[in-house]
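Here are my notes for someone opening this structure for the first time. Have a look around before reading on.

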Amino acid sequence: MEQLKVITHNLPPIVRDPLIALIGQECYTTLIYNLDLSSTQCIKLTISKGLGLGIVLGGAIVKVPQIIKIVSNKSAKGLSLSSYVLDTASLGITVAYNLRNGFPWSTYGENVFLLAQNVVITILITAFSSSSFRLPILASLLILSVASSYYLSNLATIPTLQFLAASCIPLSLLSKVPQILTNFRNSSTGQLSAFLVFNSLIGCLARVFTTMTETGDNVLWWGFVLAAGLNAVLALQMAAYWSEDEKKLPGAVKEKRALSAAAGGGSGKETRIEVNEKEKLAAPAAGTNSPLRPSSPSTTPKRYVRKLD
């Protein structure tokens, strides 16, 4: 242990300063500088900070595969627009509530990234929609988003934000219900990303721990508990319908191959048929036999007649 203390007592600033900023001077001195693991509170805080940092980093990319999947397939089939609109509203309120209360970035930072990614996905769903009202819908959503952001950041009071944060619990739950119903109705998860679903479940479960450890806010804690429950339902649907989606793939692949073969021109068989038809049409010019009936040797001898003068 004393040999390890020689290292921890001489950590370079590039390592020491970020650790102090993450877990605080007191817990840094106790756990790292003195290697004292008897402080349960510091251990819980360090675990919470580590989980929070991981969630924030994961939140920065968690919905990127979903965006790539929509763009590459040029389709948002199976994704519920109402689900993403509700989820975006819930995230906006949550971010404003945490910012105005001055909570640590590690307890809510991923929501900022999720909010930005949700806006992109909502735009893509609207853009790839077959509805003739997609442009008015998109314009309305953008105007509403800008107005809501300004109100939550500057005008709303803390009690109002607390009320809105409490209302985010049913709002967040309702945001997932349309997607669950869409999956159930289609017996398929469509373009829904498995990476997104399972990472959202893991993130919510981790947030249950970090929220209680670092903020003690019951409103946020219950929100994550209930969100984890519905994310678990989506994860079960993803697992249940996975085989159904796989069964649909081979048929589509076969159809694509058949279309590709037809578009690529005639095969050798078609070419041979065309050549045979040309040979049959040319046959009468070469001989007297019909191309449609094979010739047979004559059984009667030919007669010659001599003309008499």
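This is a predicted model: local features need pLDDT of at least 70, side-chain atom pairs count only at pLDDT 80 or more; totals for chains, interfaces and linings use all residues.

1. The protein has 13 helices and zero strands. Walk along the sequence and you get the pattern α-α-α-α-α-α-α-α-α-α-α-α-α. There are 309 residues in the protein, and 34% of them are buried.

2. A word on how the chain meets itself. Take the contacts between residues at least 6 apart in sequence: 76% of them join residues at least 24 apart.

3. Now find helix α5 (residues 64-73) and helix α7 (residues 109-127), whose axes come within 10 Å and cross at roughly 15 degrees. An angle under 35 degrees counts as roughly parallel, so that is the label for α5 and α7. Their crossing is left-handed. On the α5 side, the residues in contact are V64, Q66, I67, I70 and V71, and on the α7 side they are Q117, V120, I121 and L124. Sorted by class, this contact has seven nonpolar and two polar residues, with no charged ones.

4. Helix α7 also packs against α6 (81-101). Here the axes are 9 Å apart and the angle is about 155 degrees. Angles over 145 degrees count as roughly antiparallel, so α6 and α7 get that description. The crossing of α6 and α7 is left-handed. From α6, the residues taking part include L81, Y84, V85 and L91, along with D87 and G92; from α7, they include N111, V112, L114, L115 and I125. The class count for this contact is 11 nonpolar, seven polar and one charged.

5. Next, the disulfide. How many are there? The count comes to one disulfide. The bond is formed by C27 and C42, with their sulfur atoms 2.3 Å apart. The torsion about the S-S bond is about -80 degrees, so this disulfide is left-handed. C27 sits in helix α3 (residues 25-33) and C42 in helix α4 (residues 40-59), so the pair ties together parts that are 15 residues apart in sequence. Are these cysteines buried or exposed? C27 is buried, with a relative accessible area of 7%, and C42 is buried too, at 5%. Another cysteine to look up is C204, which counts as buried at 12% relative accessibility.

6. Have a look at A96, which lies in helix α6. Its relative accessibility is 8%, so A96 counts as buried, given that the cut-off for buried is under 20%. Leaving aside residues up to four places away in sequence, A96 touches L152 and L161. The C-alpha atoms of A96 and A165 are separated by 9.0 Å, although the two residues are 69 residues apart along the chain.

7. P178 and L81 are 97 residues apart in sequence, yet their C-alpha atoms are 8.7 Å apart in space.

8. L35 has a positive phi of about 55 degrees although it is not a glycine. At 22% relative accessibility, L35 counts as partly exposed. K74 is not a glycine either, and its phi is positive at about 50 degrees. The place to look for K74 is the loop between α5 and α6. At 65% relative accessibility, K74 counts as exposed, since the cut-off for exposed is over 50%.

Notes. Residues are numbered from 1 along each chain as its sequence is written. Side-chain values use heavy atoms; hydrogens and water are left out. Axes are lines fitted to C-alpha atoms, for helices over the stretch in contact, and angles run from 0 to 180 degrees between N-to-C directions. Helices (H or I, at least four residues) and strands (E, at least two) are DSSP runs, numbered from the N terminus. Angles under 35 degrees count as roughly parallel, over 145 as roughly antiparallel, 65 to 115 as roughly perpendicular and the rest as oblique. A crossing is left-handed if the near helix is turned anticlockwise from the far one by less than a right angle, and right-handed if clockwise. Contact means heavy atoms within 4.5 Å. Ala, Val, Leu, Ile, Met, Phe, Trp, Tyr, Cys and Pro count as nonpolar, Asp, Glu, Lys and Arg as charged, and the others, Gly among them, as polar. A disulfide is a pair of cysteine sulfur atoms within 2.5 Å. Buried means under 20% relative accessible area, exposed over 50%, partly exposed in between (1.4 Å probe, protein chains only).
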